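Take a look at the model below. Keep the sequence beside it as you read.

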Amino acid sequence: MSGNNYKFANNSVLKTYNRAPIWFTKGRGSWLESVDGDLYLDMGAGIAVNCLGHSNPILIDALNAQSNLLWHTSNLYNIPVQEELALKLTDNTFADKVFFTNSGTESIECAVKMARKYQFDKGLKKKTEILTFHGAFHGRSMSAISASGSSKLMKGFEPALPGFKNISFGDLDAIDREIGDNTCAVLLEPIQGEGGIKELPMELLNKTRATCDKFGALLIFDEVQSGIGRTGKFFAYEFSKIEPDIVAIAKGIGGGFPMGCCLASEKASSGLTAGTHGSTFGGNPLACAIGLAVLKEVLSDGFLKDVIRKGKYLKDFLENLVNENLDILHSVRGKGLMLGLKCNIQNTYLIEEAYKHLLLLVPASENVVRFLPALNIADDELVEATTRLKRVIYEVKKYK
Ligand SMILES: *Cc1c(COP(=O)(O)O)cnc(C)c1O
(Lines give C-alpha, C1' and ligand atoms only; values in the text may rest on other atoms or scores of the structure.)
Protein backbone atom coordinates (compact mmCIF):
# COMPACT_ATOMS: atom_id res chain seq x y z
CA MET A 1 0.00 0.00 0.00
CA SER A 2 1.08 3.51 -0.68
CA GLY A 3 -0.71 5.62 1.91
CA ASN A 4 2.41 7.33 3.22
CA ASN A 5 3.61 9.08 0.10
CA TYR A 6 0.43 10.22 -1.55
CA LYS A 7 1.67 13.32 -3.33
CA PHE A 8 -1.69 14.60 -4.54
CA ALA A 9 -3.76 14.26 -1.37
CA ASN A 10 -5.88 17.33 -0.76
CA ASN A 11 -9.14 18.25 0.85
CA SER A 12 -10.99 19.44 -2.21
CA VAL A 13 -12.88 16.27 -3.08
CA LEU A 14 -16.09 15.94 -1.10
CA LYS A 15 -15.67 13.01 1.27
CA THR A 16 -18.72 10.98 0.24
CA TYR A 17 -16.48 7.90 -0.01
CA ASN A 18 -14.18 6.32 2.55
CA ARG A 19 -11.37 5.54 0.18
CA ALA A 20 -8.72 2.87 0.66
CA PRO A 21 -5.21 4.38 0.78
CA ILE A 22 -4.34 3.01 -2.67
CA TRP A 23 -4.20 4.69 -6.05
CA PHE A 24 -3.57 3.33 -9.48
CA THR A 25 -1.82 4.73 -12.49
CA LYS A 26 -2.40 2.02 -15.07
CA GLY A 27 -4.73 -0.87 -15.81
CA ARG A 28 -4.35 -3.86 -18.12
CA GLY A 29 -6.97 -6.58 -18.25
CA SER A 30 -7.64 -7.81 -14.72
CA TRP A 31 -4.57 -6.04 -13.31
CA LEU A 32 -4.17 -2.59 -11.81
CA GLU A 33 -0.75 -1.09 -11.28
CA SER A 34 -0.35 1.12 -8.23
CA VAL A 35 1.81 4.22 -8.13
CA ASP A 36 4.52 2.10 -6.45
CA GLY A 37 4.47 -0.47 -9.24
CA ASP A 38 2.54 -3.12 -7.28
CA LEU A 39 0.26 -5.25 -9.46
CA TYR A 40 -3.18 -5.74 -7.90
CA LEU A 41 -5.47 -8.50 -9.18
CA ASP A 42 -8.82 -6.79 -9.66
CA MET A 43 -11.78 -8.95 -8.64
CA GLY A 44 -14.11 -5.95 -8.44
CA ALA A 45 -13.78 -4.48 -11.95
CA GLY A 46 -14.81 -1.00 -10.78
CA ILE A 47 -17.98 -2.54 -9.28
CA ALA A 48 -19.01 -4.63 -12.28
CA VAL A 49 -18.15 -1.85 -14.75
CA ASN A 50 -14.92 -2.92 -16.50
CA CYS A 51 -16.57 -6.06 -17.87
CA LEU A 52 -13.86 -6.53 -20.53
CA GLY A 53 -10.98 -5.60 -18.24
CA HIS A 54 -8.96 -2.41 -18.04
CA SER A 55 -7.64 -0.74 -21.21
CA ASN A 56 -9.05 -3.44 -23.45
CA PRO A 57 -7.47 -2.84 -26.92
CA ILE A 58 -10.83 -3.41 -28.63
CA LEU A 59 -12.44 -0.66 -26.56
CA ILE A 60 -9.44 1.64 -26.97
CA ASP A 61 -9.73 1.24 -30.75
CA ALA A 62 -13.48 1.96 -30.65
CA LEU A 63 -12.92 5.06 -28.48
CA ASN A 64 -10.02 6.33 -30.60
CA ALA A 65 -11.81 5.81 -33.90
CA GLN A 66 -14.95 7.62 -32.72
CA SER A 67 -13.00 10.39 -31.00
CA ASN A 68 -11.36 11.24 -34.32
CA LEU A 69 -14.76 11.56 -35.98
CA LEU A 70 -17.26 13.15 -33.60
CA TRP A 71 -17.75 13.51 -29.82
CA HIS A 72 -21.10 15.14 -29.28
CA THR A 73 -23.92 16.68 -31.27
CA SER A 74 -26.86 16.56 -28.81
CA ASN A 75 -30.03 14.64 -29.41
CA LEU A 76 -31.39 17.45 -31.57
CA TYR A 77 -29.97 15.46 -34.50
CA ASN A 78 -29.93 11.85 -35.57
CA ILE A 79 -26.96 9.92 -34.23
CA PRO A 80 -26.27 6.88 -36.45
CA VAL A 81 -24.01 5.07 -33.95
CA GLN A 82 -26.73 5.53 -31.28
CA GLU A 83 -29.30 3.98 -33.60
CA GLU A 84 -26.92 1.13 -34.39
CA LEU A 85 -26.47 0.37 -30.68
CA ALA A 86 -30.22 0.63 -30.02
CA LEU A 87 -30.87 -1.82 -32.86
CA LYS A 88 -28.27 -4.24 -31.52
CA LEU A 89 -29.92 -4.08 -28.08
CA THR A 90 -33.45 -4.60 -29.38
CA ASP A 91 -32.30 -7.38 -31.75
CA ASN A 92 -30.79 -9.28 -28.84
CA THR A 93 -33.23 -8.65 -25.99
CA PHE A 94 -36.95 -8.51 -25.13
CA ALA A 95 -36.93 -4.76 -25.80
CA ASP A 96 -38.40 -2.79 -28.71
CA LYS A 97 -37.16 0.63 -27.60
CA VAL A 98 -34.08 2.10 -25.92
CA PHE A 99 -33.56 5.40 -24.07
CA PHE A 100 -29.91 6.30 -23.48
CA THR A 101 -28.63 7.66 -20.17
CA ASN A 102 -25.25 8.19 -18.48
CA SER A 103 -25.68 6.15 -15.29
CA GLY A 104 -27.71 3.53 -13.49
CA THR A 105 -29.59 6.14 -11.46
CA GLU A 106 -30.73 7.89 -14.64
CA SER A 107 -31.84 4.59 -16.17
CA ILE A 108 -33.98 3.93 -13.08
CA GLU A 109 -35.34 7.48 -13.23
CA CYS A 110 -36.38 6.88 -16.83
CA ALA A 111 -37.99 3.55 -15.91
CA VAL A 112 -40.05 5.15 -13.13
CA LYS A 113 -41.21 8.04 -15.33
CA MET A 114 -41.97 5.67 -18.20
CA ALA A 115 -44.16 3.44 -16.02
CA ARG A 116 -46.03 6.40 -14.50
CA LYS A 117 -46.65 7.95 -17.94
CA TYR A 118 -47.88 4.64 -19.33
CA GLN A 119 -50.61 4.42 -16.67
CA PHE A 120 -51.40 8.13 -16.95
CA ASP A 121 -51.93 7.87 -20.69
CA LYS A 122 -54.34 5.01 -20.08
CA GLY A 123 -56.39 7.44 -18.00
CA LEU A 124 -55.37 5.74 -14.74
CA LYS A 125 -54.17 8.85 -12.94
CA LYS A 126 -54.16 7.28 -9.49
CA LYS A 127 -52.21 4.22 -10.62
CA THR A 128 -48.87 5.60 -9.47
CA GLU A 129 -47.56 3.36 -6.69
CA ILE A 130 -44.34 1.44 -7.30
CA LEU A 131 -43.55 -1.64 -5.24
CA THR A 132 -39.89 -2.30 -4.40
CA PHE A 133 -38.06 -4.82 -2.25
CA HIS A 134 -36.31 -4.50 1.06
CA GLY A 135 -32.52 -4.35 0.57
CA ALA A 136 -32.82 -2.84 -2.90
CA PHE A 137 -30.33 -0.36 -4.31
CA HIS A 138 -31.40 1.69 -7.31
CA GLY A 139 -29.01 4.66 -7.13
CA ARG A 140 -28.69 7.93 -5.24
CA SER A 141 -31.25 10.32 -6.72
CA MET A 142 -34.29 11.23 -4.63
CA SER A 143 -36.52 8.76 -6.47
CA ALA A 144 -33.86 6.03 -6.28
CA ILE A 145 -33.36 6.38 -2.52
CA SER A 146 -37.10 6.70 -2.00
CA ALA A 147 -37.54 3.49 -4.01
CA SER A 148 -34.96 1.63 -1.96
CA GLY A 149 -36.97 2.05 1.24
CA SER A 150 -33.65 2.14 3.07
CA SER A 151 -33.51 4.41 6.12
CA LYS A 152 -29.72 4.40 5.81
CA LEU A 153 -29.84 5.86 2.27
CA MET A 154 -32.74 8.20 3.13
CA LYS A 155 -31.57 9.59 6.49
CA GLY A 156 -31.25 13.37 6.42
CA PHE A 157 -32.70 13.63 2.92
CA GLU A 158 -36.36 13.37 3.89
CA PRO A 159 -39.05 13.81 2.86
CA ALA A 160 -38.94 10.72 0.64
CA LEU A 161 -40.78 11.03 -2.65
CA PRO A 162 -44.28 9.60 -2.30
CA GLY A 163 -45.49 6.68 -4.36
CA PHE A 164 -43.01 3.97 -3.39
CA LYS A 165 -43.86 1.03 -1.17
CA ASN A 166 -41.10 -1.22 0.09
CA ILE A 167 -42.04 -4.85 0.66
CA SER A 168 -40.21 -7.68 2.39
CA PHE A 169 -37.58 -9.54 0.36
CA GLY A 170 -38.13 -13.12 -0.68
CA ASP A 171 -41.57 -13.43 0.93
CA LEU A 172 -43.48 -15.31 -1.76
CA ASP A 173 -46.79 -13.77 -0.77
CA ALA A 174 -45.67 -10.18 -0.15
CA ILE A 175 -46.46 -9.06 -3.71
CA ASP A 176 -49.92 -10.64 -3.61
CA ARG A 177 -50.57 -8.89 -0.31
CA GLU A 178 -49.33 -5.45 -1.33
CA ILE A 179 -50.29 -5.13 -4.99
CA GLY A 180 -53.54 -3.36 -5.79
CA ASP A 181 -55.46 -1.29 -8.32
CA ASN A 182 -53.17 1.69 -7.71
CA THR A 183 -49.97 -0.27 -8.30
CA CYS A 184 -48.23 1.29 -11.29
CA ALA A 185 -45.25 -1.07 -11.40
CA VAL A 186 -43.10 -3.54 -9.51
CA LEU A 187 -39.39 -2.65 -9.53
CA LEU A 188 -36.80 -5.25 -8.53
CA GLU A 189 -33.25 -6.49 -8.95
CA PRO A 190 -33.36 -10.20 -9.94
CA ILE A 191 -30.12 -10.44 -7.93
CA GLN A 192 -29.55 -7.64 -5.44
CA GLY A 193 -25.98 -6.35 -5.76
CA GLU A 194 -25.33 -3.75 -3.03
CA GLY A 195 -27.86 -5.65 -0.91
CA GLY A 196 -25.38 -8.53 -0.66
CA ILE A 197 -25.67 -10.65 -3.84
CA LYS A 198 -29.14 -11.81 -2.87
CA GLU A 199 -31.08 -13.77 -5.46
CA LEU A 200 -34.78 -13.29 -5.56
CA PRO A 201 -36.23 -16.84 -5.48
CA MET A 202 -36.96 -17.97 -9.05
CA GLU A 203 -40.44 -19.03 -7.95
CA LEU A 204 -41.17 -15.48 -6.83
CA LEU A 205 -39.80 -13.99 -10.04
CA ASN A 206 -41.95 -16.31 -12.16
CA LYS A 207 -45.03 -15.50 -10.15
CA THR A 208 -44.47 -11.73 -10.21
CA ARG A 209 -45.23 -11.53 -13.94
CA ALA A 210 -48.67 -13.08 -13.57
CA THR A 211 -49.48 -10.95 -10.52
CA CYS A 212 -48.48 -7.75 -12.37
CA ASP A 213 -50.56 -8.74 -15.40
CA LYS A 214 -53.59 -9.39 -13.22
CA PHE A 215 -53.42 -5.84 -11.84
CA GLY A 216 -52.22 -4.08 -15.01
CA ALA A 217 -48.92 -3.16 -13.33
CA LEU A 218 -45.67 -3.01 -15.27
CA LEU A 219 -42.69 -5.14 -14.30
CA ILE A 220 -39.36 -3.29 -14.13
CA PHE A 221 -36.03 -5.02 -13.59
CA ASP A 222 -32.97 -3.18 -12.37
CA GLU A 223 -30.13 -5.05 -14.09
CA VAL A 224 -27.62 -2.23 -13.70
CA GLN A 225 -25.26 -4.62 -11.90
CA SER A 226 -26.52 -8.06 -12.96
CA GLY A 227 -26.89 -7.32 -16.69
CA ILE A 228 -24.54 -7.46 -19.70
CA GLY A 229 -23.47 -11.05 -19.15
CA ARG A 230 -22.48 -10.69 -15.48
CA THR A 231 -24.36 -13.86 -14.45
CA GLY A 232 -23.56 -15.85 -17.58
CA LYS A 233 -26.84 -14.87 -19.22
CA PHE A 234 -27.14 -11.49 -20.93
CA PHE A 235 -29.70 -10.57 -18.24
CA ALA A 236 -29.98 -12.31 -14.87
CA TYR A 237 -33.76 -12.57 -15.31
CA GLU A 238 -33.19 -14.98 -18.22
CA PHE A 239 -32.76 -17.74 -15.64
CA SER A 240 -36.50 -17.32 -15.00
CA LYS A 241 -39.40 -18.11 -17.31
CA ILE A 242 -40.67 -14.57 -17.65
CA GLU A 243 -39.99 -11.29 -19.44
CA PRO A 244 -40.19 -7.79 -17.98
CA ASP A 245 -41.70 -4.64 -19.51
CA ILE A 246 -38.77 -2.39 -18.68
CA VAL A 247 -35.10 -3.04 -17.83
CA ALA A 248 -32.59 -0.48 -16.53
CA ILE A 249 -28.92 -1.10 -17.31
CA ALA A 250 -25.64 0.81 -16.95
CA LYS A 251 -22.29 -0.27 -15.42
CA GLY A 252 -21.06 -3.04 -17.79
CA ILE A 253 -22.57 -1.66 -21.01
CA GLY A 254 -19.93 1.09 -21.18
CA GLY A 255 -17.04 -1.15 -20.11
CA GLY A 256 -15.70 1.83 -18.10
CA PHE A 257 -17.18 4.67 -20.12
CA PRO A 258 -20.19 6.24 -18.36
CA MET A 259 -23.39 5.11 -20.03
CA GLY A 260 -26.72 3.52 -19.26
CA CYS A 261 -29.94 2.53 -21.00
CA CYS A 262 -33.58 2.08 -20.23
CA LEU A 263 -34.90 -0.77 -22.37
CA ALA A 264 -38.61 -1.30 -22.86
CA SER A 265 -41.33 -3.02 -24.80
CA GLU A 266 -43.26 -0.99 -27.38
CA LYS A 267 -46.24 -0.94 -25.04
CA ALA A 268 -44.45 0.15 -21.86
CA SER A 269 -42.49 2.87 -23.68
CA SER A 270 -45.49 4.36 -25.48
CA GLY A 271 -45.92 7.29 -23.07
CA LEU A 272 -42.47 8.79 -23.49
CA THR A 273 -43.16 10.85 -26.59
CA ALA A 274 -41.22 13.88 -27.89
CA GLY A 275 -40.68 16.45 -25.17
CA THR A 276 -41.63 14.22 -22.23
CA HIS A 277 -38.12 13.07 -21.28
CA GLY A 278 -34.58 13.77 -22.36
CA SER A 279 -30.85 13.85 -21.70
CA THR A 280 -28.15 16.15 -23.04
CA PHE A 281 -25.38 13.57 -22.95
CA GLY A 282 -27.38 10.33 -23.15
CA GLY A 283 -26.50 8.28 -26.23
CA ASN A 284 -23.51 10.42 -27.12
CA PRO A 285 -21.39 9.07 -30.00
CA LEU A 286 -18.34 8.21 -27.86
CA ALA A 287 -20.42 6.22 -25.37
CA CYS A 288 -22.38 4.44 -28.10
CA ALA A 289 -19.28 3.48 -30.10
CA ILE A 290 -17.89 1.84 -26.96
CA GLY A 291 -21.24 0.27 -26.04
CA LEU A 292 -21.33 -1.32 -29.49
CA ALA A 293 -17.83 -2.74 -29.04
CA VAL A 294 -18.76 -4.12 -25.59
CA LEU A 295 -21.91 -5.77 -26.95
CA LYS A 296 -20.05 -7.30 -29.88
CA GLU A 297 -17.70 -9.04 -27.43
CA VAL A 298 -20.27 -10.08 -24.83
CA LEU A 299 -22.63 -11.46 -27.50
CA SER A 300 -19.87 -13.25 -29.41
CA ASP A 301 -19.94 -17.05 -29.72
CA GLY A 302 -19.13 -18.85 -26.48
CA PHE A 303 -18.52 -15.70 -24.40
CA LEU A 304 -21.42 -16.18 -21.97
CA LYS A 305 -20.81 -19.93 -21.77
CA ASP A 306 -17.30 -19.13 -20.64
CA VAL A 307 -18.64 -16.77 -17.95
CA ILE A 308 -20.78 -19.66 -16.62
CA ARG A 309 -17.78 -22.03 -16.65
CA LYS A 310 -15.50 -19.56 -14.84
CA GLY A 311 -18.27 -18.64 -12.42
CA LYS A 312 -18.75 -22.29 -11.55
CA TYR A 313 -15.02 -22.70 -10.94
CA LEU A 314 -14.94 -19.69 -8.61
CA LYS A 315 -18.15 -20.66 -6.81
CA ASP A 316 -16.92 -24.25 -6.26
CA PHE A 317 -13.68 -22.88 -4.86
CA LEU A 318 -15.49 -20.45 -2.55
CA GLU A 319 -17.85 -23.17 -1.34
CA ASN A 320 -14.89 -25.37 -0.43
CA LEU A 321 -13.25 -22.41 1.27
CA VAL A 322 -16.38 -21.84 3.36
CA ASN A 323 -16.55 -25.51 4.35
CA GLU A 324 -12.93 -25.44 5.47
CA ASN A 325 -13.34 -22.17 7.38
CA LEU A 326 -16.79 -22.23 8.90
CA ASP A 327 -15.54 -20.24 11.88
CA ILE A 328 -15.02 -17.09 9.80
CA LEU A 329 -17.01 -17.75 6.59
CA HIS A 330 -20.73 -18.33 6.31
CA SER A 331 -21.88 -19.09 2.76
CA VAL A 332 -21.59 -18.36 -0.96
CA ARG A 333 -24.31 -16.91 -3.17
CA GLY A 334 -24.85 -15.54 -6.64
CA LYS A 335 -24.55 -16.63 -10.26
CA GLY A 336 -21.85 -16.55 -12.93
CA LEU A 337 -19.24 -13.93 -12.09
CA MET A 338 -21.54 -12.11 -9.66
CA LEU A 339 -20.68 -13.95 -6.46
CA GLY A 340 -20.90 -13.07 -2.79
CA LEU A 341 -19.04 -14.57 0.15
CA LYS A 342 -20.98 -14.02 3.35
CA CYS A 343 -18.63 -13.76 6.32
CA ASN A 344 -18.97 -14.45 10.02
CA ILE A 345 -16.22 -11.92 10.67
CA GLN A 346 -16.44 -8.28 9.57
CA ASN A 347 -16.31 -8.29 5.74
CA THR A 348 -14.10 -5.19 5.66
CA TYR A 349 -11.52 -7.05 7.74
CA LEU A 350 -11.13 -9.60 4.95
CA ILE A 351 -11.11 -6.92 2.24
CA GLU A 352 -8.38 -4.93 4.02
CA GLU A 353 -6.25 -8.06 4.45
CA ALA A 354 -6.76 -8.74 0.73
CA TYR A 355 -5.23 -5.34 -0.10
CA LYS A 356 -2.02 -6.52 1.57
CA HIS A 357 -2.02 -9.52 -0.78
CA LEU A 358 -2.64 -7.25 -3.79
CA LEU A 359 -6.16 -8.57 -4.30
CA LEU A 360 -9.11 -6.20 -4.84
CA LEU A 361 -12.53 -7.24 -3.50
CA VAL A 362 -15.73 -5.25 -2.97
CA PRO A 363 -17.93 -5.12 0.14
CA ALA A 364 -21.75 -5.37 0.13
CA SER A 365 -24.52 -5.36 2.74
CA GLU A 366 -25.16 -8.31 5.06
CA ASN A 367 -21.44 -8.72 5.67
CA VAL A 368 -20.78 -9.98 2.15
CA VAL A 369 -17.58 -9.76 0.11
CA ARG A 370 -18.34 -9.43 -3.59
CA PHE A 371 -16.49 -11.05 -6.51
CA LEU A 372 -17.22 -9.16 -9.74
CA PRO A 373 -14.15 -9.73 -11.93
CA ALA A 374 -13.87 -8.78 -15.58
CA LEU A 375 -15.97 -11.26 -17.55
CA ASN A 376 -12.96 -12.04 -19.75
CA ILE A 377 -10.66 -12.80 -16.81
CA ALA A 378 -8.20 -15.55 -17.82
CA ASP A 379 -8.28 -18.99 -16.19
CA ASP A 380 -4.80 -18.59 -14.70
CA GLU A 381 -5.82 -15.21 -13.24
CA LEU A 382 -8.79 -16.83 -11.54
CA VAL A 383 -6.46 -19.49 -10.13
CA GLU A 384 -4.15 -16.72 -8.93
CA ALA A 385 -7.11 -15.01 -7.22
CA THR A 386 -7.94 -18.24 -5.36
CA THR A 387 -4.30 -18.64 -4.30
CA ARG A 388 -4.23 -15.09 -2.94
CA LEU A 389 -7.57 -15.54 -1.23
CA LYS A 390 -6.35 -18.69 0.55
CA ARG A 391 -3.42 -16.67 1.91
CA VAL A 392 -5.79 -13.89 2.98
CA ILE A 393 -7.94 -16.37 4.91
CA TYR A 394 -4.84 -17.91 6.51
CA GLU A 395 -3.68 -14.48 7.73
CA VAL A 396 -7.13 -13.42 8.90
CA LYS A 397 -7.43 -16.62 10.95
CA LYS A 398 -4.00 -16.18 12.49
CA TYR A 399 -5.03 -12.89 14.11
CA LYS A 400 -8.64 -13.70 14.76
C1 LIG B 1 -24.84 0.77 -9.29
C2 LIG B 1 -26.29 0.52 -9.29
C3 LIG B 1 -27.22 1.56 -9.54
C4 LIG B 1 -26.81 3.00 -9.68
O5 LIG B 1 -25.97 3.21 -10.75
P6 LIG B 1 -25.11 4.58 -10.85
O7 LIG B 1 -24.43 4.46 -12.18
O8 LIG B 1 -24.19 4.62 -9.69
O9 LIG B 1 -26.09 5.70 -10.82
C10 LIG B 1 -28.56 1.23 -9.62
N11 LIG B 1 -28.98 -0.03 -9.46
C12 LIG B 1 -28.13 -1.05 -9.23
C13 LIG B 1 -28.65 -2.44 -9.09
C14 LIG B 1 -26.76 -0.81 -9.12
O15 LIG B 1 -25.91 -1.81 -8.86
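The paragraphs below go from the ligand to the salt bridges, then to a helix and a surface patch.

This is a predicted model, where local features need pLDDT of at least 70, side-chain atom pairs count only at pLDDT 80 or more, and totals for chains, interfaces and linings use all residues. Residues are numbered from 1 along each chain as its sequence is written, and side-chain values use heavy atoms, with hydrogens and water left out.

Start with the ligand. Which residues surround the ligand? The shell consists of Ser-103, Gly-104, Thr-105, Phe-137, His-138, Gly-139, Glu-189, Asp-222, Val-224, Gln-225 and Lys-251. By type, the shell holds 2 nonpolar, 6 polar and 3 charged residues. In this sorting, Ala, Val, Leu, Ile, Met, Phe, Trp, Tyr, Cys and Pro are nonpolar, Asp, Glu, Lys and Arg are charged, and the others, Gly among them, are polar.

In the side chain of Thr-105, an N or O atom is 2.5 Å from a ligand oxygen. Asp-222 also uses its side chain: an N or O atom there is 2.7 Å from a ligand nitrogen. Phe-137 uses its backbone, with an N or O atom 3.2 Å from a nitrogen of the ligand. Taken alone, the ligand exposes 380 Å², and the protein buries 82% of that. Accessible areas come from the Shrake-Rupley method with a 1.4 Å probe; for residues, only the protein chains shown count as cover.

Next come the charged pairs. Side chains of opposite charge can pair when their charged atoms come close. A salt bridge is a side-chain nitrogen of Lys or Arg within 4 Å of a carboxyl oxygen of Asp or Glu. How many salt bridges does this rule give? The count is 19.

One of them joins Asp-121 to Lys-117, with the closest N and O atoms 3.1 Å apart. Both residues sit in helix α4 (residues 104-121), 4 residues apart, about one turn of the helix. Helices are DSSP runs (H or I, at least four residues), strands are runs of E (at least two), and both are numbered from the N terminus. An α-helix has 3.6 residues a turn, so residues three or four places apart point the same way.

Helix α13 (residues 379-398) holds another pair, Lys-398 and Glu-395, 3 residues apart. Their closest N and O atoms are 3.5 Å apart. Is Glu-395 buried or exposed? Glu-395 counts as buried, at 18% relative accessibility. Buried means under 20% relative accessible area, exposed over 50%, and partly exposed in between (1.4 Å probe, protein chains only). Lys-398, at 46%, is partly exposed.

Lys-207 and Asp-173 also form a salt bridge, at 3.5 Å from N to O. Lys-207 lies in helix α8 (residues 202-215) and Asp-173 in the loop between β6 and α7 (174-178), so this pair ties together parts 34 residues apart in sequence.

Turn to helix α12 (residues 347-356). Its buried residues are Asn-347, Leu-350, Ile-351, Glu-353, Ala-354 and Tyr-355. After α12 comes Leu-358, with a positive phi near 55°.

Finish on the surface. Met-142, Phe-157 and Leu-161 form a nonpolar patch there, with about 270 Å² of accessible area together. Patch residues have over 30% relative accessible area and no salt bridge; like charges are joined within 9 Å, and nonpolar side chains (Val, Leu, Ile, Met, Phe, Trp, Tyr) within 5 Å. Phe-157 sits in the loop between α6 (151-154) and β6 (164-167).

Technical notes:
A residue is near a molecule or strand if one of its heavy atoms lies within 4 Å of it. A polar contact is a pair of N or O atoms within 3.5 Å; within protein, one must be able to donate a hydrogen and the other to accept it, and residues adjacent in sequence count only if both atoms are side-chain atoms.
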